[in-house]
Amino acid sequence: MPSEGSGSFVDTSVDIVSKMEKQTDMQGKMTIVEMMQEIIDYSEGNIHDIDHFIRVWAYAKTIGEMEGLDEKTQFVLEAAAITHDIACPLCREKYGNTGGRLQEKEGVPLTEEFLSGSGMSEDEVERVKYLVGHHHTYKDIDGIDYQILVEADYIANATENGYAPKDVCLFMDMFFKTEAGRKLLKSIFGLAE
Ligand SMILES: [Fe+2]
């Protein structure tokens, strides 16, 4: 057993037991943490990609919880936030760029493959695929999960790329609909109420 406070040691027996417990939890459905580990492996050390989807996930989770989403919608939102840019490596290789439309097109079958065996219901998988396939499309947003994904991705892109506050303000007025998303964006960029 590791001594108290030895954070670098891992008790394998405990680890295996907790993994087994996780797998039986929710009728064997993959947890968000397990999904996160999978997509990090899938990213093959691309730190930019990994940092980005972790940021988008954190903002999506925060906005979703602030908005009081039900458990199922929150799960689908977080799964979509984790997988939304799954097509970036393929798009770089196949097209030499990660244009939004290309990502949406290529992301759908990759998400289906990624979530196969996840234990998620068919309608949850379909919704995550739909969200991945539309995350750069800002019209006909048909649900709170979609709306929050767009907001979370925008916040992450704006902070990573240093968007000018006046552009952020303009985008917020046009596309940010949730109170929580607007609140976070204003706070991060110091925008006036
Ligand atoms: Fe993104």
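Okay, let me start with what I mean by buried: a residue is buried if 20 or more other C-beta atoms lie within 10 Å of its own, exposed at 12 or fewer, and partly exposed in between, with the C-beta atoms placed from the backbone. M120 is buried because 20 other C-beta atoms lie within 10 Å.

Now the caveats. This is a predicted model, where local features need pLDDT of at least 70 and side-chain atom pairs count only at pLDDT 80 or more, while totals for chains, interfaces and linings use all residues. Residue numbers run from 1 along each chain as its sequence is written.

Back to M120. You'll find M120 in the loop between α6 and α7. Leaving out residues up to four places away in sequence, M120 touches K29, M30, L115 and V125. Touching, or contact, means that the C-beta atoms, again placed from the backbone, lie within 7 Å. And T31, 89 residues from M120 along the chain, has its C-alpha atom 9.6 Å from that of M120.

Zooming out, the protein chain has ten helices and zero strands. Those are DSSP runs, H or I of at least four residues for helices and E of at least two for strands, numbered from the N terminus. Of the 193 residues in the protein chain, 31% are buried. Taking contacts with a separation of 6 or more, 63% come from residues 24 or more positions apart.

So what's in the middle? The largest nonpolar core has 38 residues. By nonpolar core I mean a set of buried Ala, Val, Leu, Ile, Met, Phe, Trp, Tyr and Cys residues joined through C-beta atoms within 7 Å. At least two core residues come from each of α2 (32–42), α3 (47–66), α4, α5 (88–95), α6 (100–115), α7, α8 (144–161) and α9 (165–175). The largest share, eight residues, belongs to α8. A81 is among the residues with the most contacts inside this core. Beyond its neighbours within four places in sequence, A81 contacts F53, V56, W57, A60, L149 and A152. As background, nonpolar side chains tend to be buried together in soluble globular proteins.

Next, two helix pairs. Helix α4 (residues 71–83) and helix α7 (residues 122–132) pack at about 45 degrees, axes 9 Å apart. The axes are lines fitted to C-alpha atoms, for helices over the stretch in contact, and angles run from 0 to 180 degrees between N-to-C directions. That makes α4 and α7 oblique to each other; under 35 degrees would be roughly parallel, over 145 roughly antiparallel, 65 to 115 roughly perpendicular, and the rest is oblique. On the α4 side, V76, A79, A80 and T83 meet E124, R127, V128, L131 and V132 of α7. By class, that contact has six nonpolar, one polar and two charged residues. Here Ala, Val, Leu, Ile, Met, Phe, Trp, Tyr, Cys and Pro are nonpolar, Asp, Glu, Lys and Arg charged, and the others, Gly among them, polar.

Which residues of α7 are buried? They're R127, V128, K129, L131 and V132, and the buried residues of α7 pack against α4, α6 and α8.

The other pair is α3 and helix α10 (residues 179–189), whose axes come within 8 Å and cross at roughly 130 degrees. So α3 is oblique to α10 as well. Y59, T62, I63 and M66 of α3 make the contact with A180, G181 and L184 of α10. That contact splits into five nonpolar, two polar and no charged residues.

Note on methods:
Contact = placed C-beta atoms within 7 Å.
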